[in-house]
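Dear colleague,

Please find below the structure that I am handing over to you. My notes on what was found in it follow directly after.

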Amino acid sequence: MNGSTVPVRLGDRSYEVSVGAGVRSSLAAVVGRLGARRAVVVSARPPHWVPDPGVETLLLPARDGERGKTLATVEALCGEFVRFGLTRNDVVVSCGGGTTTDVVGLAAALYHRGVDVIHLPTTLLAQVDASVGGKTAVNLPEGKNLVGAFWQPRAVLCDTDYLSTLPAREMASGFGEIARCHFIGAGDLRGLPLPEQIAASVALKAAIVEVDERDAGRRHLLNYGHTLGHALEVATGFALRHGEAVAVGTVFAGRLAFELGRIDRARADEHLAVVRHYGLPTALPAEVDSARLVGQMRRDKKAVDGLGFVLDGPGGAELVTDVPVDAVRRVLDEMPRLPMATLVGAASDAVLT
């Protein structure tokens, strides 16, 4: 086992994120430190990919993917916790992608008003983003992540061995989150070894979460590219994966910042260059019109007064509220459009670095 450790400093809710090959083997030691006598492991991976927690364990299958990210799934998990006899002094372990960490994290937050949770993220997207920071949520038919809670894990084990089994499109989705880090303080991560890109992305998120755990200010930066990204996911029935949609949203954010006079053309073009580097889509799906996207973005959690976006600017990225709808529509209408099949095919064939 080798790798690096990133601390998330939140007082008595502090924990460590371990990144590297084989780090999942430390699960039993982490469970032992917590003093748990039972564990429920919810896994989207085959049993042989799940390490032994070292205590009496119930293994449950996860329904990875946005369609399983519902309150009904959370209720079903909590019912299994009851039947197994899980107590507040025990532990829940997630092993899967971002939707698994979200759903299992929310179930852990709600069951007995909170039981310990450990995340073993198995996708790149989950390792660089979803498993860290304590945000848990499920979707409603009206939009993404509208019901959730803040519940910090006790540890996160980002085993890079899991990534060797992922298809190209799933890896590309994770790179969508890494690409947006370029514009919120991580610097240029292109060309670094993948474990270093993961650790740098986690360190950036940890630093932001430490000063704004509950999304009252600076944590909004992590939503760079996500306002349009979430709208695209819903509007396409999740045919676009999260990281793919965030990649398109990142390109859009650069164009919108330029439209509003916040950045120059070169900086806007840099958004396109970074997203293209990772082989991600940069165009809107031809099947979705601008009016529908604007309507969906009005439901975004940041849309308190009009439309709100995290945008680049002279002092770096910041939340910009009450953005004129006509400017948003103009930028959307000027973006290139491609058939959905072309966008999906590009991500599936991506050569990743």
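**Sheet and strands**

An open sheet of 7 strands runs in the order 1-2-9-6-5-3-4, and its pairing is mixed. Strands here are DSSP runs of E of at least two residues, helices are DSSP runs of H or I of at least four residues, and both are numbered from the N terminus. Two strands are taken to pair if DSSP finds at least two bridges between them. Strand 1 (4–8) and strand 4 (56–61) form the edges, each pairing on one side only. From one strand to the next, the twist averages 15 degrees; axes are lines fitted to C-alpha atoms, for helices over the stretch in contact, and angles between N-to-C directions run from 0 to 180 degrees.

Please note that this is a predicted model, in which local features need pLDDT of at least 70 and side-chain atom pairs count only at pLDDT 80 or more, while totals for chains, interfaces and linings use all residues. Residues are numbered from 1 along each chain as its sequence is written, and side-chain values use heavy atoms, with hydrogens and water left out.

Within the sheet, strand 3 (residues 38–43) pairs with strand 5 (residues 91–96) in the parallel sense, over 5 bridges. Ala39 stands opposite Val91 of strand 5.

Strand 11 (residues 307–311) is largely enclosed by the rest of the structure, because 5 of its 5 residues are buried. Buried means under 20% relative accessible area, exposed means over 50%, and partly exposed lies in between (1.4 Å probe, protein chains only). Leu307, Phe309 and Leu311 point one way from strand 11, Gly308 and Val310 point the other way, and all are buried. Strand 11 pairs with strand 12 (residues 318–323) in the antiparallel sense over 4 bridges, and Leu307 stands opposite Val323 of strand 12. The hairpin of these two strands has 6 residues between them, and there Gly316 takes a positive phi near 100 degrees.

**Salt bridges**

Side chains of opposite charge can pair when their charged atoms come close. The structure holds 22 salt bridges, each defined as a side-chain nitrogen of Lys or Arg within 4 Å of a carboxyl oxygen of Asp or Glu.

One of them joins Glu56 and Arg38, whose closest N and O atoms are 3.7 Å apart. Because Glu56 lies in strand 4 and Arg38 in strand 3, the pair ties together parts that are 18 residues apart in sequence. Glu56 is partly exposed, at 48% relative accessible area, and Arg38 is also partly exposed, at 24%.

Lys144 takes part in two of the bridges that I wish to point out. Lys144 is buried, at 7% relative accessible area. Glu66 is buried at 16%, and Glu233 is buried at 0%.

A network of salt bridges links Asp129, Glu177, Arg180 and Lys205.

**Cysteines**

How many disulfides does the structure contain? The count comes to 0, a disulfide being a pair of cysteine sulfur atoms within 2.5 Å. The sulfur of Cys78 has its closest cysteine sulfur in Cys95, 19 Å away, which is too far for a bond. Cys95 is likewise in no disulfide, the nearest cysteine sulfur being that of Cys158, at 12 Å. Cys78 is buried, at 16% relative accessibility, and Cys95 is buried, at 0%.

**Surface patch**

Leu71, Leu140 and Leu146 form a nonpolar patch on the surface, with about 210 Å² of accessible area together. Patches are made of residues with over 30% relative accessible area and no salt bridge, like charges being joined within 9 Å and nonpolar side chains (Val, Leu, Ile, Met, Phe, Trp, Tyr) within 5 Å. Accessible areas come from the Shrake-Rupley method with a 1.4 Å probe, and for residues only the protein chains shown count as cover. Leu140 belongs to strand 7 (residues 135–140) and is partly exposed, at 32% relative accessibility.

Yours sincerely
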